[in-house]
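User: I am new to this structure and would like to go through it in questions and answers. Please keep the answers plain.

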Amino acid sequence: SRSQTWSGSHTRGPMIPSRAFKASGVLDLTAPARPDSHALLGILRAMDEKQRNKRLIAQEVSQQSKRSRDFGVSDDMVVLDDEITAAGDGLPQGNVMGDLAVFIDHKKTCCANEEAANPHRNIFAGVPRMLKASPKSLLVSDCDPQLLLEIGFTGAVRLERLELSAPADGRAPGHIQLYVNCANMDFNSADQAVATQSFDMRDLWSTADEAETGQEAVMCTLRLNAARIKSVNTLTVFVVDSVDDESTSAIRSLNVIGARIHRVIAIPGVL
């Protein structure tokens with residue numbers, strides 16, 4: 001029987017049975033099998049398009065890097081979602097501080113002891129590829145007031161402050177401990193490790209009416225120690241207890257304010 005693969009100088013490709021039939025309709029095993037020219041042409045065109053895109057990316061990166069070197073700014077090449085690219089020069093990076101939601105990596109963000117019906121995604125807004133929650137949604141702890149929230153970023157960031165809101169029913173966090181670049185912590189390690197920065201929240205909360213929900217809420221801003229909290233790839237937020245010693249704790253929103261250390265290069269139409 002004939003082999004279905006090519007060897008030597010022949011190009012590997014699919015057999016074309018119709019070319020191997022005689023006029024009588026009997027299969028002629030002596031007829032040479034040829035690759036499908038249309039399929040090969042399609043493959044060659046796809047390869048050419050891929051190479052052309054690579055050249056466009058390389059040219060754009062080279063031009064962007066040259067412009068940045070002229071201003072003494074370091075660049076970082078990343079793939080951007082459409083909503084990030086649309087933000088353009090408004091991105092929080094370099095010396096421009098802002099909401100870092102666009103640089104939060106949803107795959108590296110998780111929370112231990114969260115209630116299944118009220119997960120951590122409820123407190124974030126604007127995180128790419130993270131499901132959007134309704135304004136009334138909360139992050140609620142499960143079996144006790146403690147929460148261990150790990151926030152991962154797409155690149156190293158500098159942090160300036162955290163802006164939090166919570167329901168005004170006594171379930172707002174009472175004490176919070178922050179850990180920088182301590183990925184995959186558990187509650188035991190959080191209890192034993194020395195926190196990068198700690199906060200007693202009981203005197204920090206202020207009452208405010210949230211227009212979006214029509215419900216009373218408390219809000220606060222945590223100023224971070226710039227000397228300790230720099231070049232952050234992961235930020236772990238440990239909620240130790242609730243402000244009124246309730247059986248569970250709850251957070252309505254969390255905004256992380258800072259700047260990405262390395263600038264992002266956006267190439268619309270290519271990336």
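**Overall make-up**

Analyst: Of the contacts in the protein between residues at least 6 apart in sequence, 77% join residues at least 24 apart. The model is a predicted one.

User: How many helices and strands are there in the protein?

Analyst: Helices and strands are taken here as DSSP runs, numbered from the N terminus. Counted that way, the protein has three helices and 13 strands.

User: What share of the residues in the protein is buried?

Analyst: A residue is buried when its relative accessible area is under 20%. The protein has 271 residues, and the buried share of them is 39%.

User: Is L178 buried or exposed?

Analyst: L178 belongs to strand β6, which covers residues 173-180. Setting aside residues up to four places away in sequence, L178 touches L162, A195, T196, Q197, F199, L224, I229, L235, T236 and V237. Because its relative accessible area is 0% and the limit is under 20%, L178 is buried.

User: What separates the C-alpha atoms of L178 and S198?

Analyst: Along the chain, L178 and S198 are 20 residues apart.

User: Is V140 buried or exposed?

Analyst: V140 is part of strand β4, residues 139-140. Residues that V140 touches include N113, L147, R171 and T248, with residues up to four places away in sequence not counted. The relative accessibility of V140 is 7%, under the 20% limit, so V140 is buried.

User: What separates the C-alpha atoms of V140 and A117?

Analyst: The two residues V140 and A117 lie 23 residues apart along the chain. The separation of their C-alpha atoms is 8.4 Å.

User: Which strand holds S242, and is S242 buried or exposed?

Analyst: Apart from its neighbours within four places in sequence, S242 is in contact with P145, G170, R171, A172, P173, G174, T248 and S249. S242 has 2% relative accessibility and therefore counts as buried. The strand that holds S242 is β10, residues 232-242.

**Loops**

User: Where is N184 found, and is N184 buried or exposed?

Analyst: N184 is not a glycine, yet its phi is positive, near 65°. N184 is found in the loop between β6 and α3 (187-192). Its relative accessible area is 70%, and over 50% means exposed, so N184 is exposed.

User: What is phi of D245 near?

Analyst: D245 is found in the loop between β10 and β11 (250-251). At 67% relative accessibility, D245 counts as exposed. Phi of D245 is positive in a residue other than glycine, near 55°.

**Surface patch and cavity**

User: What area does the nonpolar surface patch made by L40, I43, L44 and M47 have?

Analyst: One of these residues, M47, lies in helix α1, residues 37-71. The nonpolar patch made by L40, I43, L44 and M47 has an area of about 380 Å².

User: Which strand gives the most to the lining of the largest cavity?

Analyst: The count comes to one cavity of 30 Å³ or more, and the largest cavity has a volume of about 30 Å³. Its lining is made of D99, A101, I104, F124, A125, L254, N255 and V256. With three residues, the strand that gives the most to this lining is β12, residues 253-260.

How values were computed: Residues are numbered from 1 along each chain as its sequence is written. This is a predicted model: local features need pLDDT of at least 70, side-chain atom pairs count only at pLDDT 80 or more; totals for chains, interfaces and linings use all residues. Side-chain values use heavy atoms; hydrogens and water are left out. Helices (H or I, at least four residues) and strands (E, at least two) are DSSP runs, numbered from the N terminus. Buried means under 20% relative accessible area, exposed over 50%, partly exposed in between (1.4 Å probe, protein chains only). Contact means heavy atoms within 4.5 Å. Patches are made of residues with over 30% relative accessible area and no salt bridge: like charges are joined within 9 Å, nonpolar side chains (Val, Leu, Ile, Met, Phe, Trp, Tyr) within 5 Å. Accessible areas come from the Shrake-Rupley method with a 1.4 Å probe; for residues, only the protein chains shown count as cover. A salt bridge is a side-chain nitrogen of Lys or Arg within 4 Å of a carboxyl oxygen of Asp or Glu. On a 1 Å grid over the protein atoms alone, a cavity is a set of points where a 1.4 Å probe fits but cannot get out, and a pocket is an open set with protein on both sides within 12 Å along at least five of seven lines; lining residues have an atom within 4 Å of a point. Grid points are joined across faces, edges and corners, and a volume is the space filled by probe spheres set on the points.
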